[in-house]
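Work through the exercises below with the sequence and the 3D structure at hand. Try each task before reading its solution.

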Amino acid sequence: MDLGLKGKKAIVCAASKGLGRACAIALAREGVDLVITARTASELEATAAEIRAMTGANVIAVAGDITTEEGRAAALAACPEPDILINNAGGPPRGDFRDWDRDMWIKAVDANMLTPIFLIKSVVDGMIARKFGRIVNITSGSVKSPIPELGMSNGARAGLTGFVAGLARQVAKHNVVINNILPGPFLTDRLRGGFQEAARASNRPVDELVQERAKGSPAGRVGDPAEFGDACAFLCSANISFIVGQNLLLDGGAFNSSMS
Ligand code: NAP
């Protein structure tokens, strides 16, 4: 299937590893020119080189913290008129809400709600003028099915989801579509880190915990970031402008419901 994206330009945030990296690879395979971001310059440069070698795409690495104004300005300076924006950042820590002070909450809201909103604000009018825009926000399955110890993630991402639901319907007539992808468990460094913590706490091998989690899923496995990237590229396709303001849950069927 030709997604009709050859020659388009994308900013993919938080993309040196994990889900962001997978989205960048899938878009590069479709002939999209990329600006990718992450805080650790050396890892980001290595990922950019890997994607160039894999796909032949033009990839610019812009190191910086996307949750800061400077980080966002640097990404936008490298790609002032993106056709595609993939919003992503690290997730907030786990814990007990009694331990979270105002500063921690502001950090979570900044990273997982306000950063995507301000990036959308910076690019959406240009997309409207050029009559093409695709925005995908990487949120979390926790928006639909809360994970109690990830309360800051549940809260901040729900705020983004509410905002996007309204905005997506204001801009859709201009061929600018905004959707969210909600990951369940995908085997990235973040998820591996969670399994390693649990393995230490329970004195059990990491692999056993991964297998246990996999068994709890109707798909019988955890997700592969590459399939997340493919879904993201699909939601950026030139042909999907009738898919508006949706929340695509990728969790192998773990959320039990007759309708999504
Ligand atoms: P990951 O493997 O830890 O990768 C995170 C990527 O984001 C890295 O490239 C990291 O590079 C970059 N990054 C983090 N904070 C950043 C910042 N402030 N500015 C710029 N880049 C930043 O994580 P992941 O599993 O792909 O998760 C991506 C998002 O999906 C997170 O918000 C996570 O909570 C959410 N999520 C993941 C899963 C899952 O199963 N994997 C499930 C639900 C939700 P630097 O550290 O160098 O900046």
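**Exercise 1.** In this predicted model, what is the order of the strands in the open sheet, and is the pairing parallel or antiparallel?

Solution. Step 1: the sheet has seven strands, in the order S3-S2-S1-S4-S5-S6-S7. Step 2: the pairing is parallel. Step 3: strand S3 (59-63) and strand S7 (247-250) pair on one side only, and they are the edge strands.

**Exercise 2.** Over how many bridges do strand S1 and strand S2 pair?

Solution. Step 1: locate S1 at residues 9-12 and S2 at residues 33-38. Step 2: they pair in the parallel sense over four bridges. Step 3: Ala10 has Leu34 in S2 as its bridge partner.

**Exercise 3.** Which strands does helix H8 lie across?

Solution. Step 1: helix H8 covers residues 225-235. Step 2: it lies across strand S4 (84-87), S5, S6 and S7, at about 165° to S6. Step 3: helix H5 (residues 151-171) lies across S5, S6 and S7, and its angle to S6 is about 155°.

**Exercise 4.** How many residues surround the ligand?

Solution. Step 1: the shell holds 27 residues, and the closest are Ser16, Arg39, Thr40, Ala89 and Thr188. Step 2: by type, nine are nonpolar, 12 polar and six charged. Step 3: ligand oxygen atoms lie 2.8 Å from a side-chain N or O atom of Arg157, 3.0 Å from a polar side-chain atom of Arg190 and 3.1 Å from a polar backbone atom of Gly184. Step 4: the ligand alone exposes 890 Å², of which the protein buries 90%. Step 5: helix H1 (18-29) and helix H6 (189-202) are the elements that give two or more residues to this shell.

Technical notes
Residues are numbered from 1 along each chain as its sequence is written. This is a predicted model: local features need pLDDT of at least 70, side-chain atom pairs count only at pLDDT 80 or more; totals for chains, interfaces and linings use all residues. Side-chain values use heavy atoms; hydrogens and water are left out. A residue is near a molecule or strand if one of its heavy atoms lies within 4 Å of it. A polar contact is a pair of N or O atoms within 3.5 Å; within protein, one must be able to donate a hydrogen and the other to accept it, and residues adjacent in sequence count only if both atoms are side-chain atoms. Accessible areas come from the Shrake-Rupley method with a 1.4 Å probe; for residues, only the protein chains shown count as cover. Ala, Val, Leu, Ile, Met, Phe, Trp, Tyr, Cys and Pro count as nonpolar, Asp, Glu, Lys and Arg as charged, and the others, Gly among them, as polar. Two strands pair if DSSP finds at least two bridges between them. Contact means heavy atoms within 4.5 Å. Axes are lines fitted to C-alpha atoms, for helices over the stretch in contact, and angles run from 0 to 180 degrees between N-to-C directions.
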